[in-house]
Amino acid sequence: MAQNQPPQKPQATSRQLVKTATAVTLSGSLMTLSGLALAATVIGLVVATPVLLIFSPVLVPAVVTLFLLFVGFLASGGLGATAAFVLYWTYRFLTGKRPMEQLDRIRGRIAGAAAETKEWAQEHLKAGRQGSP
């Protein structure tokens with residue numbers, strides 16, 4: 001007699017089998033590609049090392065020179081853009097278009113509009129409460 005037997009687990013559905021097969025296939029493919037990439041990297045390093053050693057007296061100074069040129073152009077452009085902005089700001093300041101005063105004016109207008117909206121809403125809420133039964 002089947003007394004006190006644990007309930008049997010349902011058999012794996014075909015959907016679970018498909019998911020498992022897909023996961024195994026995908027992971028196997030990715031592991032194969034990973035191995036191929038590692039092998040190609042090692043072969044490339046083995047081939048490139050003698051070439052780099054032979055040309056290193058030329059390559060190292062060339063890389064240093066290119067790096068210094070890149071940093072120089074980047075610094076020059078950044079400083080030039082900063083100088084142009086400072087000149088633009090100075091021109092606007094001297095012609096009376098002071099950006100900080102304009103910001104203060106705009107901030108005041110926004111605060112005034114917010115206060116008016118608040119007052120309008122309070123008035124309409126009071127009117128709504130008085131008119132309701």
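Predicted model: local features only at pLDDT ≥ 70, side-chain atom pairs only at ≥ 80, totals over all residues.
Residues are numbered from 1 along each chain as its sequence is written, and side-chain values use heavy atoms, with hydrogens and water left out.

Of the 133 residues of the protein chain, 0% count as buried, where buried means under 20% relative accessible area, exposed over 50%, and partly exposed in between (1.4 Å probe, protein chains only). The chain contains two helices and zero strands; helices (H or I, at least four residues) and strands (E, at least two) are DSSP runs, numbered from the N terminus.

Helix α1 spans residues 14–94 and comprises 81 residues, yet its end C-alpha atoms are only 79 Å apart, short of the 120 Å that a straight helix would reach at 1.5 Å a residue. The expected span is 1.5 Å times one less than the number of residues. A kink of about 75 degrees is located at S56 in α1, shortly before the proline P57; the bend is the angle between axes fitted to the seven residues ending at a residue and the seven starting there. Just after α1, G96 adopts a positive phi of about 95 degrees.

An unreviewed UniProt entry lists residues 36–60 and 66–91 under "transmembrane region"; such annotations may be inferred rather than shown by experiment. Residues 36–60 are 100% helix and 0% strand, with end C-alpha atoms 30 Å apart. Residues 66–91 are likewise 100% helix and 0% strand, and their end C-alpha atoms are 37 Å apart.

V60, V64, F67, L68, F70, V71 and L74 make a nonpolar surface patch of about 710 Å². Patches are made of residues with over 30% relative accessible area and no salt bridge, with like charges joined within 9 Å and nonpolar side chains (Val, Leu, Ile, Met, Phe, Trp, Tyr) within 5 Å. L68 lies in helix α1 and is exposed, with a relative accessible area of 54%.

One salt bridge is counted, defined as a side-chain nitrogen of Lys or Arg within 4 Å of a carboxyl oxygen of Asp or Glu. It joins the side chains of R107 and D104 (3.0 Å, N to O). Both residues lie in helix α2 (residues 99–131), three residues apart, about one turn of the helix. R107 counts as exposed at 54% relative accessibility, whereas D104 is partly exposed at 43%.

Terms used
Areas by Shrake-Rupley, 256 points an atom, 1.4 Å probe, with all protein chains shown as cover.
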